[in-house]
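Subject: Structure for you to look at

Hello,

Here is the structure I promised you. Please open it next to this email and follow along.

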Amino acid sequence: MGSLNALVLFTVFIPACRAAPLPNFVLLFADDLGYGDLGCLGHPTSLTPHLDRLAADGLRFTDFYVTSPVCSPSRASLLTGRYQTRSGIYPGVLYPGSRGGLPLNETTIAEVLKPLGYATAMMGKWHLGLGAGGTYLPTRQGFDHYLGIPYSHDMGPCQNLTCFPPDVKCFGHCDTGVVTVPLMHGETIKQQPVDFLELEEKYNNFASEFIQTAVNKHQPFFLYYPSHHTHYPQYAGKNSVGRSLRGPFGDSLLEFDSTVGNILQTLKRTSILNNTLIFFTGDNGPSLMRMSRGGNAGLLKCGKGTTYEGGMREPAIAHWPGIIRPGVTHSLSSTLDILPTFARLAGAQLPSVQLDGVDMTDILLHQGPGKREAMFFYPTNPSEKYSVFAVRMGKYKAHYYTQGSALSDTTPDQDCHVTSFLKQHDPPLLFDLESDPSENYSLSTKEHPELVSVLQQIQAFKDKFEASMQFGESEIAKGTDPALEPCCTPQCTPKPECCQCGTLSL
Ligand code: MG
């Protein structure tokens, strides 16, 4: 059935006889969500009924990777199909006053689809720069419509963030000395500080209006929803707060899941669910430094900030009723592969740059083995000197360097902690991730001489990749300028406190 549908699909996608509508794409992206956080992946108290439904009716990836264990670089790779080292989104992440951003000459998924007549929209967390006059906002990167906050929601004083019970301030501290977090609509600040507790409702309205308008116009669409959930500090609006057994993290995840449910409902109501590919994944592993308020990497080692599996491997689901057969795939895949896959399914042209992504349609439509041969793991601060820290090839992963991170402090495993300094491994630490996904038992070539050739093959992949890598100029090293922080009343004083615009209706 699946292959028959696939055949039909590719027949209608030949441009000369494109009678059938182009597929719609919904890309859902959770923030700091671990491999063990979804109900369907075994978390005992997470409430994720809609994501669980997508997983049951769709294709679940077990070996899906991001390109960085922190936000901005991971997002750059998702949207461009290229490692962050090429686009310059390293080291670390962008800040409210950053001078740099995702370079405008990079081609995003939205820009790939637009020439085919796609309507494009994004809601949620951008985190790929603002720049002077909004130079780097989503509206400059192919998105017709944008509603959201331009960076992480802890990058400003935590106004309006309460947890359960109501009126109890959230755990921990946010950044001070910068502007409060704004809500942007297009390139205009609509509210500063944003009311986080009402934000999800605005996103729900935005998504349903965008989808309904595209349907009315018979226009294919691309909706990108990178959520603030489940990044620290976790919050949830009135419909989700206190509803999970898991506390603030569980409530935050539940609110995200509810929006997934509302999007699904809109797709059903407008009778386009069967012509829509929904893809879900997350940007990096859990922020274990937040202890039980952070996420959970399940059986994977460490989390955010590290190149162990817990920092880089994410849950992923592809859902397209009638086209993608329900099941599980162990094919090695990555956020890098989403751009070429959407392009192939839409019949769009690929950008003429060096792409790191490969087309996944074989996996999605035919349960094929996939084209990806290897995955390269950069740390949060990539450099030409150290290059990639680890390489996965087939079922094996070799660590050339390991390093802990403050973002993965607090767990019992000392390797995850910031006090585990940069360490070179020669020969590399080698793990068989099929039999040992937790990276517990390093394999020695003395005991397993047959692995000498495996290490040689991995080294050959690494050498070839490194020869192809041209580091782009670092956008993050351009530094910050407080004058670039978004302010709804640009001429006011004293900053940053004066940047306040109350509640504005959209
Ligand atoms: Mg993140």
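One definition comes before the rest: a residue is buried under 20% relative accessible area, exposed over 50%, and partly exposed in between, using a 1.4 Å probe and protein chains only. This is a predicted model, in which local features need pLDDT of at least 70, side-chain atom pairs count only at pLDDT 80 or more, and totals for chains, interfaces and linings use all residues. Residues are numbered from 1 along each chain as its sequence is written, and side-chain values use heavy atoms, with hydrogens and water left out.

The whole chain

The protein chain has 11 helices and 15 strands. Both are DSSP runs, numbered from the N terminus: helices are H or I with at least four residues, strands are E with at least two. The radius of gyration is 22 Å, close to the 23 Å that the globule rule gives for 506 residues, so the chain is as compact as a globular protein of that length. That radius is taken over C-alpha atoms, and the rule is 2.2 Å times the number of residues to the power 0.38. Along the principal axes, the C-alpha atoms fill a box of roughly 65 × 60 × 45 Å.

Buried residues make up 60% of the 506. The chain exposes about 19,200 Å², and carbon and sulfur atoms supply 53% of that area. Areas come from the Shrake-Rupley method with a 1.4 Å probe; for residues, only the protein chains shown count as cover.

Now contacts, meaning heavy atoms within 4.5 Å. Take those between residues at least 6 apart in sequence: 72% join residues at least 24 apart.

The cores

In soluble globular proteins, nonpolar side chains tend to be buried together. A nonpolar core here is a set of buried Ala, Val, Leu, Ile, Met, Phe, Trp, Tyr and Cys residues joined through side-chain atoms within 4.5 Å. The largest one has 99 residues. Leu28, Phe61, Phe221, Phe222 and Phe279 have the most contacts inside it. A second, separate core has 28 residues, among them Ala374, Phe376, Ala390 and Met393.

Look at leucine 28. Beyond its neighbours within four places in sequence, its contacts include Leu54, Tyr225, Phe256 and Phe279.

How many of the residues of H3 are buried? The count is 10 of the 10, so H3 is largely enclosed by the rest of the structure. Its buried residues include Cys71, Arg75 and Thr80. Cysteine 71 has 2% relative accessibility, so it counts as buried. Strand E1 (24–30), helix H4 (84–87), helix H5 (109–113), E3, E7 and helix H9 (338–346) pack against the buried residues of H3. Glycine 81 follows H3 and has a positive phi, near 70°.

Serine 68 sits in the loop between strand E2 (59–65) and helix H3 (71–80). Serine 68 counts as buried because its relative accessibility is 1%. Not counting residues up to four places away in sequence, serine 68 touches Pro73, Ser74, Gln84, Asp283, Asn284, Gly311 and Met312.

Helix H6

Helix H6 covers residues 199–216. At 1.5 Å a residue, its 18 residues should span 26 Å, and its end C-alpha atoms are 26 Å apart, which agrees. The expected span is 1.5 Å times one less than the number of residues. Among the buried residues of H6 are Leu199, Tyr203, Phe206 and Phe210. Their cover includes strand E3 (119–125), strand E7 (221–226) and helix H7 (248–269). Just after H6, histidine 218 takes a positive phi of about 55°.

The disulfides

A disulfide here is a pair of cysteine sulfur atoms within 2.5 Å. By this rule there are four.

Cysteine 302 and cysteine 416 form one of them, with sulfur atoms 2.1 Å apart. The S-S torsion of this pair is about -80°, so the disulfide is left-handed. The pair links distant parts of the chain, 114 residues apart. Cysteine 302 is buried at 5% relative accessible area, and cysteine 416 is buried at 1%.

Cysteine 488 and cysteine 501 form another, at 1.9 Å. Their torsion is about 105°, so this disulfide is right-handed. Cysteine 501 is partly exposed, at 21%.

Cysteine 492 joins cysteine 498, S to S 1.9 Å. The torsion is about 65°, so this disulfide is right-handed. Are cysteine 492 and cysteine 498 buried or exposed? Both are buried.

Best wishes
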